[in-house]
Structure formats: structure tokens, C-alpha cells
Amino acid sequence: METTIVRTVAMVAALLVAAPCAGCARVDTSIAADIGGDLPDTPVEMVGDIDQDDPGMETPDEGCPGGFTDCGGVCVDLATDVHNCGWCGNECASSHEHTEPACAGSSCGWVCAAGWVDNDGLPGCETPCAGSGVELCNGLDDDCDTLPDDGFACVMGSRVECVTTCGTYGTGTCTMACLPPATCTPPAEECNGIDDDCNGETDEGFPAGTCGSCTPDCSGRECGPDPACATSCGTCTAPETCNSAGECVCVPGCGTRECGPDPVCGLSCGTCTAPEVCDAWGMCSCVPNCTGRVCGPDPVCGTSCGTCVAPTTCDASGHCVGSCTPDCTGRVCGPDPVCGTSCGACTAPATCNSSGQCVTPCVPDCTGRECGLDPVCGESCGTCVLPEICDYSHQCISSCTPDCTGRVCGPDPSCGTSCGTCTAPATCNSSGQCESGCPPPVESCTTGTQTRDRCTNARIVGRSEAGLGGGYSISDSTCDASNRFDDCSWDAGADHAYRIYMLAGESISVYVYADWACSFYDSSWWDLTLKIYKNAGCSDTLCTTRVLCEDHLDSHTEVFTAPHDGWFIVVVDGSTAFEDEGDYDMTIDLACRDAVTCGC
């Protein structure tokens, strides 16, 4: 069911952000601002300026809704209509190679035709599109199907229809996360007995008694234009409603909700703490504010972005760097005299390498072989049972990508796996069902002061400290501790116990280092044992089952992944009954499922 709310003006604006593939064209920030702002890599080239004093710029709007103009009996948007761009009858045209005329901000320009890219910075699109094949939320046509951001709620930065605070249909800007607008601009007041512009007044500007006298005939009708009053009305299949254009659309019920799955349309929406915004996966993330800026550190998220003078580009450090084009035409393989790189031709099957030498590539012997290590070239090749493919590690892996965008948890129709979203804190399990799980308890968020003696007094390692601050670290000694965990080979020494709460799939990286032995030993060093225990349920704090025992350690790093929600206990112990206590250093680094708050 189509949930995107788009009217004619939004569809035209979407055309202007439909770059054939990522990085396919330059940015024209003036046009980007005119059609909604925040549009990176907008592939529109200006071919002329509008004379704002031209008498043709008159925009009579009798009989047309707000934002539209009557041109020969047809209501058009002068800001985006290629046949009436800026004023009625102004036809946009483009004679450049593989381009189509376009109109943005009432000015004529051009865009690359479907399947073509402008890479040389000159007018025209000379290169066939070579998109990534995976559509992303970036205002671009990554999969080269002429539709930008298809599969998302709306096209990033485009103007789309939305519901105002007074229940009328206005317009707003699709967010940088391709989600419905957070702010909706009301339409102009019409003579219809409704407060269209949400100012608390009805039919202001029209003679008293002339509006609201017509009663639409909507009984038993499907959504569409009302034949009696020229308004729109009728019924739609829930949760869609009939908008002012006579279209059935779904309006997300976000209101003042926190970021997460939308309970009405199944999309993601809600509020986040600034500068973060709610993305398409129901997570709060920061989106750089780069529109119209020169390359440099982003003031919102601290990353690097902005534009540079062609052909230079903005790098990760916020500097404009050159993009030299080697002069290789008709040359034999060797150093390029223009850019200093290596290029040129070799006699087949040899190719030109980065050192400017002709080398003959090794051809793997894969014919009739199953996926594995190629005996000739040492590469991975061979066949697998479809849809699996042979990857670089000589293994058959699935090549199917689940189609989960905007879906509620359930079996994926493409690959047969399970995916989709659930209402937090529930998660989607492998059976395609939402299971509640066990959200982190309050006490799990802060590091405690427990004695570390026995499992019941294991010291709490706070999720916030372990997951958000570079890991929980401690330097201590077991010289005065008791021996409470003598259940593993050679672990007769005194011990300390720590417990941390983990969600299923989260992992901890535990680093331990055995330093000086206790002063009552003859030796300077001691052997250390690292153990991990799991529990029987979400609220269980006992050391129910030991899942790890690594002994006779000087130093060691262990990565452990939680098989379920609950408490997990990390024990620092000794090895053997001799010289088995001493100083130690330990760091516990938690990889949280929610990298922003760790669920706290």
C-alpha cells in the first residue's frame, strides 16, 4: 500500500533530485533552496536567469488553490512546471546531450536523462549510469531506475503533502531521513466553510455568507472529486484517508511521540534530542547540515562536508582536494605525465599496474569446481547452489538481500528470512514474531561499589560506562580476596567477580593483564584465569552456568556475545595453587545495540 503523500508539486521537485546515481552531478544550491532546501548533489544546470520585471511574471490565481496559477484554464505551479516556468507559456528546453528540460524555483535548467551521468563538468551528460544498485536515502537515483529514494516514505528534500495542526492538507519538506515533514505549512484560505490556513478564522477575505453553502455528496462514494461542490471527499481503506486532491493517503500518527515505528502507517517517525533526527529505521541519528556551505567541518554533527570549486572535492578532513584526470589516450603503459599516476595500454591479456608496468594476470581454474580455493591463483572461485554465491573466503553465502524497509516484523517475501520492526523494546525474532525481551534494568546503567566477593556481591559494570566512554577499566589486586570460584581447571587462587547486563546479540571485549604477584610469593609474576558465567533468565543474578574458562594467562583479550538478555558475570581468578594471586588490569568494552544511549 503506497503511504507516501505526494502532490503534483512534490513529484516535479522529486524529478529535480533524481540524479542517475550517487555523485553523478554538481550542486546548484540556489535551486536546491527553491525546491525545498537540503538537497545534496542536485543535478540541475542553470541555462538562464528569470527577468523578475518581465510582465509575463504576473501570476493570476483566480479559481486555483494556494501556490498554483491559472494558465489558460489549467492550474499549474510556476516554480516547477517546465511548460510554464516562472510565467505562463514559458517553455523550458535543453539541447545538451542526454538531458531533459527542468524547472526549479521558477528558473529553467536541465537534468540528466535516465541512465546518464555528467562527469566532466561540461553541459550535457556523457557517461552511462553506473549506480550502486542499492537505493539509499540521499535524494539520488542509486539503482538507476529514474526514481530517487524509491522504497522510502518520500524523496529527501522534496515538498510533500502533510496534515496541518487544524486538520487541513498543506505541504512540508521531506526530512533528510526520507520521512514525512515534522512541520506542515497550511494552504491558502479557500471559500469552503473551513479554516484552511489554521489561523482560527474561517473563509476570511471572502464576502460574508458566500462560503460553505454547498454540501458535498459523498455518501457511498470512493475518495475523489465531489461532483456537487468541486471539493474532494469519499472513503478509503483504513488507515488511509481522503485528501484534498481526491487521493487515498496514509498520514503518520507521530504527534509528540519519541522516535520509533509509526503506529498508523508502519513508517518511522517521532522526535529526537537536537541535533539528532528520527531516521527510517526508527533511530535517532545526526544528519550533517551542508547545504550551501563551503567544504569544512559540519557545525551540526562535526563531520566534514560542503562544496568545492570543480574539479576538486571535499575530503574527510574538510579540505578541497584535486581530482586530476590522467592523459592516457594512445599511450603505452607508464607514468602519466599530467597527474603522475600510472596508465596506458598493454598487449592483451597483460594489464597496466600501479607501477606503470605491463603484467599478465593469473586466470583462476574454476571450471566445474565447487566453491573453494583456486589451485592455480590461490583465489576463491567455483559454484554454489543458487541463490548462494562463492565469497572471497571460499564459502557459499546467501546473495539475497531482504526487503525490510517500512515493514512490520514477519517473513521477508524476497529471501524467506525474518525481518521488520516491532514496537520497542520488542524485537523481531527469527520466526518473524515480535518478542518483548528484557530491557536493561535501572541498576544496570551505573557502575556499582559491590565487594566483588562471591557471585551475589559481583560488582555491577554500568552499561553507560562500558558502552559509551571507551570501556570500563580497573587496576586492582586479588591479594586480599577470597577463593570463591574454584570450579575450573587450575583456578585455586583468590578471585574478583563483576557483572554486566547485556541484550541478546550484544558483545563485550574483555582485556586482562596479570601484573606483579602478591608480596608473600617468591616470584614476581602470577598466572591469571578469566571466566564468564551466564544466568537462567532476565532477573537472575546468580552464576548459573560457566561458559568460558581461560587459564594460565599473562594477558588475554576475549570477545563474548550474549545469547540472550540478562546478567553475565566476569571473574578474574588465579591459576594453580601456587603464586596465583596478584595485581591485574582489566577493561570491559560493551558494543551496545543502541549506540546512542546503550538503552539507559
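1. A residue is called buried when its relative accessible area is under 20%, exposed when that area is over 50%, and partly exposed in between (1.4 Å probe, protein chains only). Cysteine 518 is therefore buried, since its relative accessible area is 2%. This cysteine forms a disulfide with cysteine 479, their sulfur atoms being 1.9 Å apart, where a disulfide is a pair of cysteine sulfur atoms within 2.5 Å. The torsion about the S-S bond is -105°, and the link of cysteine 479 and cysteine 518 is left-handed. The two cysteines come from distant parts of the chain, 39 residues apart, with cysteine 479 in the loop between β35 and β36 and cysteine 518 in the loop between β37 and β38.

2. Please keep in mind that this is a predicted model, in which local features need pLDDT of at least 70 and side-chain atom pairs count only at pLDDT 80 or more, while totals for chains, interfaces and linings use all residues. Residues are numbered from 1 along each chain as its sequence is written, and side-chain values use heavy atoms, with hydrogens and water left out.

3. The structure holds 18 disulfides, and one of them joins cysteine 455 to cysteine 543, with an S to S distance of 2.2 Å. Because the torsion about the S-S bond of cysteine 455 and cysteine 543 is about 100°, this disulfide is right-handed. Both cysteine 455 and cysteine 543 are buried.

4. Another disulfide is formed by cysteine 236 and cysteine 248, whose sulfur atoms lie 2.0 Å apart. Cysteine 236 counts as partly exposed because its relative accessibility is 21%, and cysteine 248, at 34%, counts as partly exposed too.

5. The largest nonpolar core has 31 residues, and those with the most contacts inside it are Ile508 and Met586; such a core is a set of buried Ala, Val, Leu, Ile, Met, Phe, Trp, Tyr and Cys residues joined through side-chain atoms within 4.5 Å. Its largest share, 5 residues, comes from β37. Not counting residues up to four places away in sequence, isoleucine 508 touches several residues, including Ile500, Val570 and Leu590, where contact means heavy atoms within 4.5 Å.

6. Strands β8 (residues 159–163) and β9 (residues 169–173) run antiparallel and are joined by 5 bridges; strands are DSSP runs (E, at least two residues) numbered from the N terminus, and two of them pair if DSSP finds at least two bridges between them. Cysteine 162 has glycine 170 in β9 as its bridge partner. The two strands form a hairpin with 5 residues between them, and glycine 167 in the turn has a positive phi of about 90°.

Definitions and conventions:
Helices (H or I, at least four residues) and strands (E, at least two) are DSSP runs, numbered from the N terminus.
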